[in-house]
Amino acid sequence: MNTNFSRLIGVLALAALAQSARAELKWEQTSVDLRPGFNDKQAVAHFKYENVGNTPVHFKSVHASCGCTTAQTQNEQVAPGQKGEITATFNIGGRTGTQVKTVTVQTDDPDSARSTTVLTLKAMITPLLEFQPTLVYWQMGEEPKPKIITAKANKDAAIKKLDVASSTPDFTAKVDAGSAPNGSVSNLTILRRRSTQL
């Protein structure tokens, strides 16, 4: 048999073996939307995976995008056919509105397209009170007519009474019950003294 032909067969056999031996994590989802309850201190996302390859996968790093989020994996190595999950925990603190946090996962997968995965946790946090509009102002020379801000309480908050105080004597404020039957919507009327110079 020709020596060059034998070498070619050997190279092809090694290439076929390398292609058949692969590690690959398949993610159930890489993005999770959460709506934490009013009293929740944390939002927790579970990112499930499975090794659909035929060699083990090793985690090189699991890194959260900020200090308010932590991430941990169940195993450092995932055997072929094994399932698991990475848990991402976002500490809400005083944050409100839409919060987007990421976790970057790096594995020893030789395919660079699969070795790094970015997991996204999106949390929609409703504030205790929402104001509309959030700011009122008077133009120079404008009549000092009252302006109204509507305050809407979070439906899960047990707010019985809303009081408002002005930080300056040039303005006064009062609260009137709004249209919602349960009192969750109130109108804040801001009054400006005529003598105030803006």
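These legends describe close-up views of a predicted model.

View 1. In soluble globular proteins, nonpolar side chains tend to be buried together.

**View 2. The surroundings of Trp27.** Leaving aside residues up to four places away in sequence, Trp27 touches Phe47, Lys48, Tyr49, Ile86, Val105, Thr117 and Leu119. Trp27 has 15% relative accessibility, so it counts as buried; the cut-off is under 20%.

**View 3. The aromatic pair of Trp27 and Tyr49.** The whole structure holds two aromatic pairs. In the pair of Trp27 and Tyr49, the centres are 5.4 Å apart and the planes stand at 70°. The geometry is edge-to-face. Trp27 lies in strand β1 and Tyr49 in strand β3, so the pair ties together parts 22 residues apart in sequence. Tyr49 counts as buried because its relative accessibility is 4%.

**View 4. The aromatic pair of Tyr49 and Phe59.** Ring centres lie 5.6 Å apart, with the planes at 65°, so this pair of Tyr49 and Phe59 is edge-to-face. Tyr49 belongs to strand β3 and Phe59 to strand β4, so the pair ties together parts that are ten residues apart in sequence. Tyr49 and Phe59 are both buried.

**View 5. The aromatic cluster.** Trp27, Tyr49 and Phe59 form one cluster.

Key. Residues numbered from 1 in each chain as written. Predicted model: local features only at pLDDT ≥ 70, side-chain atom pairs only at ≥ 80, totals over all residues. Heavy atoms only, no water. Contact = heavy atoms within 4.5 Å. Phe/Tyr/Trp six-rings, centres within 6.5 Å; stacked < 30°, edge-to-face > 60°. Helix = DSSP H or I, 4+ residues; strand = E, 2+ residues; numbered from the N terminus. Buried < 20%, exposed > 50% of the residue type's maximum accessible area, 1.4 Å probe, protein only.
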